Amino acid sequence: MNKKRILIIDDEPGITLMVKLMLEQTGEYEVREENRSTEGLNAAREFKPDLVILDVMMPDLDGGDVAAQLKEDRQLKGTPIVYLTAALLPGEAEANGGMIGGHPAIPKPVSEEVLIAVIQKNLE
Amino acid sequence: MSQQTAALIPGRDEGLQTETACGTPIEDRLLTAEGRLFQSQKELVAAMVVAENSHEELRQMQLQLIDAERMETAGCLGMGVAHEIKNLLAVLGFGIDYLSKSPASADPGIQSTLNIMRDSVKRGMVIVRGLVDFSAPRQLEFKARDINAVIESSLLLSKHEFVANHIVIHRELGQGLPSVELDDYKMSQVFVNVFINAAHAMSHGGRIMLRTYVLPSESAKNFSPAGGARIVAQIDDTGHGIPPDKLEQVFEPFFTTKPPGKGNGLGLSVVRQVVTLHGGRIDIRNREGGGVSVTVTLPERQPEPATACELPCGTGLHELAGPRHSEGVYHP
Ligand SMILES: Nc1ncnc2c1ncn2[C@@H]1O[C@H](COP(=O)(O)OP(=O)(O)OP(=O)(O)O)[C@@H](O)[C@H]1O
Ligand SMILES: [Mg+2]
C-alpha cells in the first residue's frame, strides 16, 4: 500500500516532530516537517504532499498566506489543507462547522485520535 | 465679594436695586438684602456640593478608564501567553499519546506517570481557557433582556455548587423591572462567577440572598450616558467574607486565596471587564453581619450603536476568512 504523504508546517519544532512520530508510527503515512513557512512552501512544491497540516500564527508567513500561495500553484491547488492552531477561541471552529477560511481547523491541544481522524477524512 | 462671585448669585444686584427704588426704610431693606444674601449663600453651597459630586464622578470614571486600559494591555498579553501555552500543551499531549502506545507503558509505574501527566495537561487547559475568557476579543451582542431571567438561568448553571455546599437561595427579585440591554451569555458568566465565589465561601452551608431593583434616581451613581434607569442586581452571601486588606485586590487578574485546582483568580477580573463593557459598575464589600455583598449596576440602555462593541487584540484567525494581510496578527 502506498503511504500518504503529509507535510506539516508549524514554527514549533515540538509539534512537527510529535506529529511526524505519531503519524509514521501508524505505518500509513510519510511525513515531512518544516518549521518555517517559506521553506514549507518550497518543500510542498518538491514533496507534493497528499495533505498539508498548517499552523496559523507563524513569524514569517502566517497560515492564511501559505494557504493562499498553495492555491495559486497549479500543481498544489487541489491539495487538502488542515489548520492545526492554538489561535482558536473556545467554540470558534464549531461555530463555523469546524471550518476556518474554507479549511477544517483543529484546535491545539488535540488528541492523536482526533488529529488522525480529521486527516483521514480529508484525504478521502 | 468679588464681582465673579456676585455674578454667581442670581438676583443679588437687581434685588438690591429694586429695594432701593421702592423707598422702604433702610433697616427693612438691609434685612431683606441679608435674607437674600443668606439664601444665595445656601444656593452657592448647594452648587458647590453638586460640583464636588460631579468631580468625584468624573474622577471615578477616569479611574475606570485607566483600569480599562490596563486591562486591555493585560488582555493582549493574555492572548499571547495563552497561544504559547496551548502550543506547549499540545506538544505534551501528543507526547503522552505517543508514549502510551509504547510497550513500556504496560509498566504500572509508567502508566500512572502518563495518567498524571495527562491530568496536568487537562488542568493546564482549564487555566488557559480562563485566561482566554478574560482576554479574548469578543463581540458583545446586546439585546433587551429581563435581568431576573438571566439570574434564574445562571442559578441553574451553578446548581451543582449549591447542592454540593448545602446552599439555600432566597429571592427578592423586583417585579416589572425595565428590561436591560445586555449580552446574555456574558452576563450569565458574570452571575455564575459571583455565585460560585459565594458557594466557595460557604463550604459548610449558607444562604445567598438575591435582590433586583431599580436604582433610586437621586443616587450619585445614577449616571447613564444613554439615558434610562439603572438596574441593580445584589448578591449577598453568609460566607467567610473577605479580609479588609484584600478587598482592593479581588478584581486583579490571578488574585486568589483558593488552593490550586479550585481557583485561578480570574473570575472577578472577567466579571468586572464584562460589567464595564456594559457601561455598568460592580461593587464588592463585606456585610455587617458577615459574608459578602456584590452589587452589579447596569444601565437600562446601551449608547448608540447598541449592537456591538469589541475588545482589542485579535487572534489573527478572522484574517483567514477574508482577504489576507498580516497586520493585526499576533507574532510571537
Ligand atoms: N463571595 C466571596 N466571599 C469570600 N471571598 C470572596 C468572595 N468572592 C471573591 N472572594 C475572594 O476573591 C478572590 C478572587 O476571586 P475570583 O473570582 O477573581 O478568583 P477565584 O474565585 O479565586 O478563582 P476563579 O474564579 O478563577 O476560579 C477569591 O479567591 C476569594 O478570596
Ligand atoms: Mg471565582
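The structure is a predicted model, in which local features need pLDDT of at least 70, side-chain atom pairs count only at pLDDT 80 or more, and totals for chains, interfaces and linings use all residues; side-chain values use heavy atoms, with hydrogens and water left out. Residues are numbered from 1 along each chain as its sequence is written, while chains are lettered from A and ligands numbered from 1 in the order in which they are written.

**Interface of chain A and chain B**

- Chain A contributes 35 residues to the contact and chain B contributes 29 residues, where contact means heavy atoms within 4.5 Å.
- The size of an interface is often given as the accessible area lost when the parts come together.
- About 2,800 Å² is buried between chain A and chain B, with 70% of this area given by carbon and sulfur atoms; buried area is the accessible area (1.4 Å probe) that two parts lose on being put together, summed over both.
- Met57(A), Leu89(A) and Pro109(A) provide 22% of the area that chain A buries against chain B, more than any other three residues.
- One salt bridge is found across the interface, the term standing for a side-chain nitrogen of Lys or Arg within 4 Å of a carboxyl oxygen of Asp or Glu.
- Glu112(A) and Lys101(B) form a salt bridge, their closest N and O atoms being 2.6 Å apart.
- On the side of chain A that touches chain B, the elements giving two or more residues are helix H1 (13-25), helix H3 (63-72), strand E4 (81-85) and helix H5 (112-123). Helices (H or I, at least four residues) and strands (E, at least two) are DSSP runs, numbered from the N terminus.
- H1(A) gives the most to this side, with seven residues.

**Surroundings of ligand 1**

- Of the 20 residues around ligand 1, those that come nearest are Asn197(B), Thr256(B), Thr257(B), Lys258(B) and Leu268(B); a residue counts as near if one of its heavy atoms lies within 4 Å.
- Oxygen atoms of ligand 1 lie 2.5 Å from a polar side-chain atom of Thr256(B) and 2.4 Å from a side-chain N or O atom of Thr257(B).
- For Gly265(B), a backbone N or O atom is 2.9 Å from an oxygen atom of the ligand.
- The protein covers 91% of the 600 Å² of accessible area that ligand 1 has on its own, as computed by the Shrake-Rupley method with a 1.4 Å probe.
- Helix H7 (184-200) and helix H8 (267-277) of chain B are the elements that give two or more residues to the shell around ligand 1.

**Backbone features of chain A**

- Most residues other than glycine have a negative phi, and most peptide bonds are trans.
- The peptide bond from Lys108(A) to Pro109(A) is cis, with omega near -5°, and Pro109(A) lies in the loop between strand E6 (103-107) and H5 of chain A.
- Lys48(A), in the loop between helix H2 (37-47) and strand E3 (51-54) of chain A, has a positive phi, near 45°.

Methods
Polar contact = N/O pair within 3.5 Å; in protein donor to acceptor, adjacent residues only side chain to side chain.
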